[in-house]
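These are my notebook entries on one structure. I set down what I looked up, entry by entry.

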Amino acid sequence: MPIVIRFAVPPDRGALAKAVTAVVERHPLLGSAFEDRGGEPHLVPADVQPALTGQPVALDLERGPLARFQLDGDTLTIVAHHLVFDGQSKDVLVADLAAALDGTIAEPLERADHAALQRERVEARLAEAGAFWAGRWREPGEVVVAGDVLRSRRAGTGALAEFDLDVPELPGLTRFEVVVAALHALLRSYGNADVVTAVDLSTRTAAETGHVGPYVNELPVYSTPSPDAPFGEFAAGLRAELRRVYEVREVPIARAVPGIRPHAALAPISVSYRRGGTAPAGWDVDWLAFNGAVRGALQLQLLDGPGGLSASLRYDPAELRDPGRFAADLIAVLGRVTPERPLRELAAFQETVTAEAQAPAAEPAQVDDGGADLGGDPLIGEITAIWEEVLKLSPIQPEDDIFDLGGHSLSITQIIARMRKRLGVEIDLDDFFDNPTVAGVVEVIRR
């Protein structure tokens with residue numbers, strides 16, 4: 001997660017280096033690393049603490065640091081890993097860096113185990129969240145957007161389009177709620193009968209104010225927009241659903257929904273929104289600096305700052321071929337919004353897509369363990385043994401689905417770590433999610 005700061009007057013390098021050190025001391029999470037203990041990540045101090053440099057420094061998860069500060073002339077580039085950082089952390093970090101550079105002594109942060117406190121809050125709401133999602137959760141499927149079909153829920157190289165959004169003020173609705181309702185209406189106009197977008201929701205409490213950290217959770221929001229519904233009525237219903245989702249915002253969906261198959265992205269389309277982006281005097285801050293990647297097929301990142309609502313569209317160019325049309329369509333929908341206007345008057349509605357297009361992509365064909373290629377493959381036995389150790393189940397058959405066996409993302413991480421250490425093989429998380437059997441994993445390795 002990058003931040004790019006251009007100074008009107010280049011700062012003294014020594015003073016900036018001291019300010020960086022002070023900020024890292026104030027936020028020790030930036031000077032952390034993750035130690036792999038049998039597939040379980042443990043937070044530990046980094047081998048080397050972040051410091052001001054003149055060259056790029058890799059973010060090494062196992063050795064650290066998980067943040068870097070690079071000064072090149074009048075431009076400071078800060079990059080922090082999402083494991084220890086979120087969007088609101090950008091505002092915190094920039095404000096603290098400016099204060100340290102000015103010689104202002106900030107009040108010490110209250111020391112607390114925020115991860116433990118968050119786990120306690122999750123456990124307290126887990127039963128409620130499970131009951132809530134039991135009646136709502138359905139696996140996100142394909143989405144038609146601007147003539148393309150978006151399927152990806154992977155992480156990969158992305159492209160960027162930037163534009164501003166003029167959001168009308170509607171009674172009883174926030175700007176974020178208006179944008180989400182407009183987006184859902186637009187997706188319905190493309191032919192999607194049932195709409196789902198993932199949204200990033202902050203889990204910060206008063207105790208986390210002023211701290212950097214990953215205080216955010218991605219959750220799905222569903223709607224079935226009716227073309228004849230007035231926008232105000234549709235948006236009010238979506239607002240009510242968002243508020244219900246907000247009540248269980250701290251519980252990760254994978255904890256609340258048994259057997260969910262995790263991917264890098266919860267759905268092909270996701271939205272994040274935050275207020276902020278106030279830069280210190282003489283600082284030109286790119287709050288939405290692009291990291292060159294995208295999770296899923298389309299991410300719409302929104303910053304509601306002093307200059308208005310800025311949109312940063314990160315997308316998979318192999319899936320969304322015409323981002324300009326999507327951006328223009330969203331701008332046009334918002335420009336036509338009035339509370340009483342029906343959705344069909346906001347955009348040209350297409351026929352709804354087929355049920356096949358709405359369904360999740362078909363699972364890859366599973367390998368027949370009795371086949372000639374894998375029947376005598378020694379990897380079958382070796383990987384089965386690792387599964388049985390991690391899942392504490394025996395016997396496990398080559399075609400048993402890990403999610404049906406009670407596995408989840410952490411157990412998969414443990415399996416991948418043991419495969420890497422014992423067998424010298426590496427498999428991508430998304431490949432594992434798409435091939436969740438021993439036979440399927442072996443086929444991916446052989447392929």
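**Entry 1: Asp-430 and its surroundings**

I looked up the contacts of Asp-430 and found that, residues up to four places away in sequence being left out, Asp-430 touches Arg-153, Arg-154, Ala-155, His-263 and Ala-264; contact means heavy atoms within 4.5 Å. I note that the model is predicted, that local features need pLDDT of at least 70 and side-chain atom pairs pLDDT 80 or more, and that totals for chains, interfaces and linings use all residues. Residues are numbered from 1 along each chain as its sequence is written, and side-chain values use heavy atoms, with hydrogens and water left out.

I placed Asp-430 in helix 11 (residues 429–434); helices are DSSP runs of H or I of at least four residues, strands are E runs of at least two, and both are numbered from the N terminus. Asp-430 is buried yet has no salt bridge. The nearest side chain of opposite charge is Arg-154, 4.6 Å away. Buried means under 20% relative accessible area, exposed over 50%, and partly exposed in between (1.4 Å probe, protein chains only). A salt bridge is a side-chain nitrogen of Lys or Arg within 4 Å of a carboxyl oxygen of Asp or Glu. For charge, Lys and Arg count as positive and Asp and Glu as negative, while His and the chain ends are not counted.

**Entry 2: Salt bridges**

I then asked which side chain meets Arg-154 in a salt bridge at 3.8 Å, N to O. I found Asp-428. Asp-428 lies in the loop between helix 10 (409–423) and helix 11, and Arg-154 in the loop between strand 8 (148–150) and strand 9 (155–157), so the pair ties together parts that are 274 residues apart in sequence. Asp-428 is partly exposed at 40% relative accessible area, and Arg-154 is partly exposed at 33%. I recorded Arg-154, Asp-428, Asp-431 and Asp-434 as linked in a network of salt bridges.

My search of the whole structure gave 31 salt bridges. One of them joins Arg-255 to Glu-123, the closest N and O atoms being 2.7 Å apart. This pair links distant parts of the chain, with Arg-255 in helix 6 (residues 253–256) and Glu-123 in helix 3, 132 residues apart. Arg-255 is partly exposed at 41%, as is Glu-123 at 46%.

**Entry 3: Arg-138**

I located Arg-138 in the loop between helix 3 (114–134) and strand 7 (143–145). Leaving aside neighbours within four places in sequence, Arg-138 is in contact with Asp-194 and Tyr-222. Arg-138 is partly exposed, with a relative accessible area of 38%.
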